[in-house]
Amino acid sequence: MGFHVTERKIGWHKDFDSSHFLALPYESKCLRIHGHTYNVDVEIWGDVNENGMIFDFNHLSRLIKLLDHRILVSEKWVVERREGLIVIEKNGKHLELPAGEAVVLDKPNVTAEYIAEWFAERIAEKAGNNVKKIRVRIWEDPRSYAEVTLQR
């Protein structure tokens with residue numbers, strides 16, 4: 001035969017709808033609350049585990065369900081949590097939202113770059129020792145993406 005496996009990788013693609021706004025030191029339309037139909041591409045390199053998988057696709061689907069149809073905010077903007085509410089203050093906004101409608105990212109801003117990093121870190125938390133590299137690409141629109149790679 002002459003062939004042997006030199007590398008294993010899985011790929012996964014899904015979209016989700018979320019809103020956000022950015023904190024920027026200059027005037028921009030992105031300071032306002034707006035939404036995107038994000039597309040996420042995930043690639044994970046590694047060896048198969050005892051179940052014959054590099055990584056379970058169901059973990060990725062759960063991440064999408066967490067983000068879909070919610071507002072994404074930075075933890076730095078949260079000023080209060082009370083009785084199922086989250087209070088956010090940034091860019092002159094004072095938002096009181098049901099906690100279940102917001103996803104608080106442990107990032108200083110909610111850019112595509114930080115969303116990609118957050119997504120990759122959540123994958124890494126579930127990854128077994130067989131996973132060698134994780135790449136996440138977040139598309140905000142058909143022309144613009146941010147990508148991050150984590151490697152052991």
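Which residue in strand 5 is the bridge partner of valine 78? The partner is isoleucine 88. The model used here is a predicted one.

Another open sheet has six strands in the order 7-3-1-2-8-9, and its pairing is mixed. Strand 7 (102–105) and strand 9 are at the edges with a single partner strand each, so one side of each has no neighbour in the sheet.

Strands of a sheet pair through backbone hydrogen bonds, and the pairing is either parallel or antiparallel.

| Strands | Sense | Bridges |
|---|---|---|
| Strand 4 and strand 5 (residues 85–90) | antiparallel | four bridges |
| Strand 8 (residues 131–141) and strand 9 (residues 144–151) | antiparallel | eight bridges |
| Strand 3 (residues 70–74) and strand 7 | parallel | four bridges |

Isoleucine 134 has leucine 150 in strand 9 as its bridge partner, and leucine 72 stands opposite valine 103 in strand 7. Strand 8 is joined to strand 9 by a hairpin of two residues.

**Helix 2**

Helix 2 has 15 residues, which should span 21 Å at 1.5 Å a residue; the C-alpha atoms at its ends are 22 Å apart, so the two values agree. Its buried residues are Ala112, Ile115, Ala116, Trp118, Phe119, Ala120, Arg122 and Ile123. An α-helix has 3.6 residues a turn, so residues three or four places apart point the same way.

**The largest pocket**

The largest pocket holds about 260 Å³ of space. It is lined by 16 residues, and the closest to its centre are Leu22, Cys30, His34, His36 and Glu140. By class, the lining consists of five nonpolar, five polar and six charged residues.

Which elements each supply at least two residues of this lining? They are strand 2 (34–46), helix 2 (112–126), strand 8 and strand 9. Strand 9 gives the largest share, three residues.

Technical notes
Residues are numbered from 1 along each chain as its sequence is written. This is a predicted model: local features need pLDDT of at least 70, side-chain atom pairs count only at pLDDT 80 or more; totals for chains, interfaces and linings use all residues. Side-chain values use heavy atoms; hydrogens and water are left out. Two strands pair if DSSP finds at least two bridges between them. On a 1 Å grid over the protein atoms alone, a cavity is a set of points where a 1.4 Å probe fits but cannot get out, and a pocket is an open set with protein on both sides within 12 Å along at least five of seven lines; lining residues have an atom within 4 Å of a point. Grid points are joined across faces, edges and corners, and a volume is the space filled by probe spheres set on the points. Ala, Val, Leu, Ile, Met, Phe, Trp, Tyr, Cys and Pro count as nonpolar, Asp, Glu, Lys and Arg as charged, and the others, Gly among them, as polar. The expected span of a helix is 1.5 Å times one less than its number of residues. Buried means under 20% relative accessible area, exposed over 50%, partly exposed in between (1.4 Å probe, protein chains only).
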